[in-house]
Amino acid sequence: MLLDLFDQLMQRIKANDKVHVSFCVSGIIGCLVVYGILQERIMQEPFEGEQFKYSLLLVLCNRLVTVLVAGGMLVAGGQDLAPVAPPQAYAAVSVSNVVATFCQYEALKHVSFPVQTLGKCAKMIPVMIWGTVIMRKRYNTKDYGVAALVTLGCSVFIMTGDVTSKHAGSNSSMFGVMLMVGYLAFDGFTSTFQDKLFKGYQMTIFNQIMYVQAFSAGFSTLGLISAGQFGDAISFVMRHPSALGSILTLSAAATIGQLFISHTIKTYGALLFATVMTTRQFISILLSCILFAHPLSMGQWVGTVTVFGALYYKTLSKKVEAPSAESSAKTVPDAEAGEAEKAPLVDNQK
């Protein structure tokens, strides 16, 4: 009954292209802005005077919600739940995915959210490096120029103002930056390795997500247990139910955002998605500055404008390229589909 009502609603939305585009854009931005705000709230703001410090629990809850949703979509669509690729293929992608997400969350203990978000914009750099090494891909001069501008903008941002998390020590910002470098390296590897591993298998996106995330949930649990944090993490959310509520809401926002992302890319292509994601990142930085009091220096605003200007140029320039160049032009935007979301998969969310 509910599925029939949902199908009827989607048909009405799809009947008007402007309404359909607005639905996709608002869905992606809304879900991922909520995801970003809650991420900062959980990792940087105390719960009744106690700081949350169990990043792997956040990863675990995120992955479990995603597994349930992906499995539900497979069942609802009458698709096979059996794995298509060998277990080691799912596990290999999962390992780098968990490490990347862990670095992303841990970085927020040491650097501010605007630094973390701006750093994610540099994702195209490791993706290009891994793409060249693993997939033997070639990139044009414009791609290298945009990558250089993004690097310049991020460097200006870091060097011209305070980048430390408000609850971190004065000397921890460099460690936070190194965690973001680790995030970028592993996340770029995840996107490229995922493309290579699954190229020869006929599988749906939900089959891939469900099994990769199931392995990620297992690895996150093992990480919590081996670090001796599993009991402490459960005890924390039992003492602070609001923390559990925020974690589950964050996980739901990331997962629903992925559904919007998959639908948008399938319907309108990577071009619209890249534009929306760039806009979402800029909105997230502005909201973080307002809601969590992160004043930016003039130099940091210059760095921010440089980064987003380069990304908008890259995206908008695709519109004037010949159709024959579309396949190569999608290389970098498709890789960017990794935050998220593939938000839940690679936390375009990700």
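These notebook entries record what I looked up in a predicted model.

Entry 1: Met-238 has its place in helix 10. I looked up its accessibility: Met-238 counts as exposed because its relative accessibility is 66%, and the cut-off for exposed is over 50%.

**Entry 2: aromatic pairs.** I next turned to the rings and noted 9 aromatic pairs in the structure. One of the pairs joins Phe-47 and Phe-236; the ring centres are 6.1 Å apart and the planes stand at 85°, so I recorded the pair as edge-to-face. Where do Phe-47 and Phe-236 lie? Phe-47 is in the loop between helix 2 (17-44) and helix 3 (55-76), while Phe-236 is in helix 10, so the pair ties together parts that are 189 residues apart in sequence. Both Phe-47 and Phe-236 are buried.

I also examined Phe-52 and Tyr-54. Their ring centres lie 5.8 Å apart with the planes at 85°, so this pair too is edge-to-face. Are these two residues buried or exposed? Phe-52 is buried, with a relative accessible area of 1%, and Tyr-54 counts as buried at 7% relative accessibility.

**Entry 3: the cluster and a charge.** I noted that ring pairs link Phe-47, Phe-52, Tyr-54 and Phe-236 into a cluster. Lastly, I checked the face of Phe-47 and found Arg-41 over it, at 4.0 Å from the ring centre.

Technical notes. Residues are numbered from 1 along each chain as its sequence is written. This is a predicted model: local features need pLDDT of at least 70, side-chain atom pairs count only at pLDDT 80 or more; totals for chains, interfaces and linings use all residues. Side-chain values use heavy atoms; hydrogens and water are left out. Helices (H or I, at least four residues) and strands (E, at least two) are DSSP runs, numbered from the N terminus. Buried means under 20% relative accessible area, exposed over 50%, partly exposed in between (1.4 Å probe, protein chains only). Rings of Phe, Tyr and Trp (its six-membered ring) pair if their centres lie within 6.5 Å; planes under 30 degrees apart count as stacked, over 60 as edge-to-face and the rest as tilted. A charge sits over a ring if NZ of Lys or CZ of Arg is within 6 Å of the ring centre and within 35 degrees of the ring normal.
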